[in-house]
Amino acid sequence: MKKNQPALQTPDLLIDLHYLPCIDFFSGLMQFDRVQLEAQEHYQKQSYRNRCYVQTANKVDVLTVPVQQGTHHQPIRDLRVAYDQSWQPHHWRCIQAAYGKAPFFEYFVPDFEPIYRKKWTFLFDLNLELLTICLKLIRLKVNLSLTEWYDKTPPVGLFDARSKLNPRNKPETYVFHQPVTYPQNFGQEFVPNLSIIDLLFCQGPATSAMLLAGLRE
């Protein structure tokens, strides 16, 4: 077992909240009895907290939610979304271009489109709403709670995955997930661990089974 992987007897997971989380994130949620979302940390730049990765016709694209400047030392719950650039139309156009012809796009699009028409004040609230939608579509029931204080050293019995999932991770260093290939909408080579929407739009009802198939032992 790698040092960054959870012990099998650990029942609880502590993890930071991401924007349209990657597949590794959801594989983690499947492995624990209870999941605590870190709601008291300070914002960290260059992380999944405000970005996700999707596969477009020519490349893997990064969708980043801009946040107000000078706020990276603020608690994550206080971090405000910036609107000095039209990020919502850009994200939605990119998602449509990437997955508009995917097998299950039309089936799931009514759940996501309203998110990009609403003006969100706080990044945390946006991320939590998207997580709720994804869990519903995957039909994954998770005992979720939010932390009430920041604990630098969590107690025994809690696997601390905070900041362990990040865009720099390679397949061999994914925390919870072993890549399982599936037909993607674009590209000749399979790209692992994109945003969960890649798996949802391409595999639909089979998403949960694909996540199970990729769990690390």
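Predicted model: local features only at pLDDT ≥ 70, side-chain atom pairs only at ≥ 80, totals over all residues.
Let me begin with a pair of strands: S3 and strand S4 (residues 60–64) pair in the antiparallel sense over five bridges, where two strands are said to pair if DSSP finds at least two bridges between them. Residues are numbered from 1 along each chain as its sequence is written, and side-chain values use heavy atoms, with hydrogens and water left out.

Back to the two strands, then. S3 and S4 form a hairpin, with four residues between them, and within this pairing cysteine 52 stands opposite leucine 63 in S4. Strand S3 (residues 51–55) is mostly covered, in that four of its five residues are buried; buried here means under 20% relative accessible area, exposed means over 50%, and partly exposed lies in between, with a 1.4 Å probe and protein chains only.

What does cysteine 94 touch, not counting residues up to four places away in sequence? The answer is Val54, Thr56, Asp61 and Leu63, where contact means heavy atoms within 4.5 Å. Cysteine 94 has 7% relative accessibility, and therefore counts as buried.

Let us stay with H2 and look at its neighbour. The axes of helix H2 (residues 87–99) and helix H3 (residues 105–112) come within 12 Å and cross at roughly 170°, the axes being lines fitted to C-alpha atoms, for helices over the stretch in contact, and the angles running from 0 to 180 degrees between N-to-C directions. H2 and H3 are therefore roughly antiparallel to each other, a word used for angles over 145 degrees, whereas those under 35 count as roughly parallel, 65 to 115 as roughly perpendicular and the rest as oblique. On the H2 side, Trp92, Ile95, Gln96 and Tyr99 meet Phe105, Val109 and Phe112 in H3. The residues of this contact divide into six nonpolar, one polar and no charged; Ala, Val, Leu, Ile, Met, Phe, Trp, Tyr, Cys and Pro count as nonpolar, Asp, Glu, Lys and Arg as charged, and the others, Gly among them, as polar.

Now to the open sheet, which has four strands in the order S5-S2-S1-S6, with parallel pairing. S5 and S6 stand at the edges with a single partner strand each, so one side of each is left without a neighbour in the sheet. Neighbouring strands of this sheet are turned against each other by 25° on average, with direction ignored. Strand S2 (residues 34–38) and S5 run parallel and are joined by three bridges, and the bridge partner of valine 35 in S5 is leucine 144.

How many of the residues of H5 are buried? Eight of its eight residues are, and H5 is thus described as mostly covered. Among the elements that cover these buried residues are H1, S3, H2, H3, H4 and helix H6 (207–213). Just after H5, glycine 204 takes a positive phi of about 55°.

In H1 I would pick out serine 27, which is found in that helix (residues 23–29) and counts as buried because its relative accessibility is 0%. Leaving aside neighbours within four places in sequence, serine 27 is in contact with Phe176, His177, Leu211 and Leu215. Alanine 213 lies 186 residues from serine 27 along the chain, yet their C-alpha atoms are separated by 9.5 Å.

Finally, a word on backbone angles. Most residues other than glycine have a negative phi. Arginine 139, however, has a positive phi near 65°; this residue is found in the loop between helix H4 (123–138) and strand S5 (144–146), and at 74% relative accessibility arginine 139 counts as exposed. Serine 163 also has a positive phi, near 65°, and has its place in the loop between strand S6 (158–160) and helix H5 (196–203), where its 30% relative accessibility makes serine 163 partly exposed.
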